[in-house]
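I opened this entry to go through the cross-links of the chain, then the strands, and then the charged pairs. The notes below follow that order.

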Amino acid sequence: MHAHRRAARRLSGTLALTLPTLLAACVADPPGSAPAGTVDPVPVQVDAARDELAGLAAAAQDRHLTATYAFAPPDGPTRTVAVTSGNDGSWRVDVPGWGRDGTVDISLAATSDGLFQCALPSAGWTGAAGCVRLGDADDAVPRRLDPRVQHPFTDWLEVLTDRRAPLAVSPAPPPAGVTGRCYAVDSTSASLNAPLDVGVYCFGEDGTPVAVRATLGSLTLTGSPGPAPASVELAGAVSEGEPVGRDAPTPGTS
């Protein structure tokens, strides 16, 4: 009887010692697994590139200037685009050969009075320059009237500074003939409405946009930027007429 009691006590003691060890082995993470709640870290180089690009884009927002860019669209000859950024935040971008099947030069401008499209004297516009109000200064240009080349100097800069935007950024080599810091920008969103064109964006150390390679084509700074005006001026008088579309007008219309 006493022998049975001593054996039972030895068995109980052995279980008391080994049971916690067995339980710990059951709940421990399997070899090679990450602790619960952790995620893979963002590569340091990619995260640094996003920060660098955001800083340069912020400097570009504060960079007021006059400049010209060689614009090579996907479907036409290279032309010169003039960009003006006023000290008061107004802006103007002149785009040759955009309207009426490439026969009318146009200008887009945003001032304290609103957003405007202006037709400039050109092959398809023989009269004086004239402007039409499209909306408020912070409104988007209607898609059918959008030449798109103004975006890298206006609203896309806001996207590039926004760390919440669904973008992947990495360093990129400068295109031939371009001096600046360049970054490849891709979208991480499955949405068809990307916040900007994916491509390569290049800036000077002072925030001057020096080159863009994207779906809209390529833009490359030509020469040195000039000083900014206090405020941009519209190319002509504002009227109640219709804005210039991209397609040639049908016969019998103006």
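**Disulfides**

I looked for disulfides, taken as pairs of cysteine sulfur atoms within 2.5 Å, and the count came to two. Before going on I noted that this is a predicted model, in which local features need pLDDT of at least 70, side-chain atom pairs count only at pLDDT 80 or more, and totals for chains, interfaces and linings use all residues. I also noted that residues are numbered from 1 along each chain as its sequence is written, and that side-chain values use heavy atoms, with hydrogens and water left out.

I looked up C118 and C131, which are joined by a disulfide with an S to S distance of 2.0 Å; the link is right-handed, with 105° about the S-S bond. C118 sits in strand β5 and C131 in strand β6, 13 residues apart, and the pair thus links distant parts of the chain; for strands and helices I used DSSP runs numbered from the N terminus (E, at least two residues, for strands; H or I, at least four, for helices). For burial I used relative accessible area with a 1.4 Å probe and protein chains only, where buried means under 20%, exposed over 50%, and partly exposed in between. C118 is buried at 0%, and C131 is buried at 0% as well.

I then turned to C182 and C202, whose sulfur atoms are 2.1 Å apart in a disulfide. The torsion about their S-S bond is about 110°, so this disulfide is right-handed. C182 lies in strand β8 and C202 in strand β9, so the pair ties together parts that are 20 residues apart in sequence. I found C182 buried at 5% relative accessible area and C202 buried at 1%. With bonded cysteines counted along the chain, the pattern is 1-2, 3-4.

**Strand β4 and its partners**

I checked strand β4 (residues 104-111) for burial, and seven of its eight residues are buried. For pairing I required that DSSP find at least two bridges between two strands. Strand β3 (residues 91-98) runs antiparallel to β4 and is joined to it by five bridges, with V95 opposite I106 in β4. On β4 and strand β5 (residues 114-120) I noted an antiparallel pairing over seven bridges, in which A110 stands opposite L115 in β5, and a hairpin that joins β4 to β5 through two residues.

**Salt bridges**

I counted 10 salt bridges, each being a side-chain nitrogen of Lys or Arg within 4 Å of a carboxyl oxygen of Asp or Glu.

R63 lies in the loop between α2 (44-61) and β1 (66-72) and D206 in the loop between β9 (199-203) and β10 (209-214), so the pair ties together parts that are 143 residues apart in sequence. R63 is partly exposed at 22%, and D206 is partly exposed at 41%.

I next took R148 and D197, which form a salt bridge at 2.6 Å, N to O. R148 is partly exposed at 26%, whereas D197 is buried at 8%.

I ended with R181 and E205, where the closest N and O atoms are 2.9 Å apart. R181 is partly exposed at 28%, while E205 is exposed at 60%.
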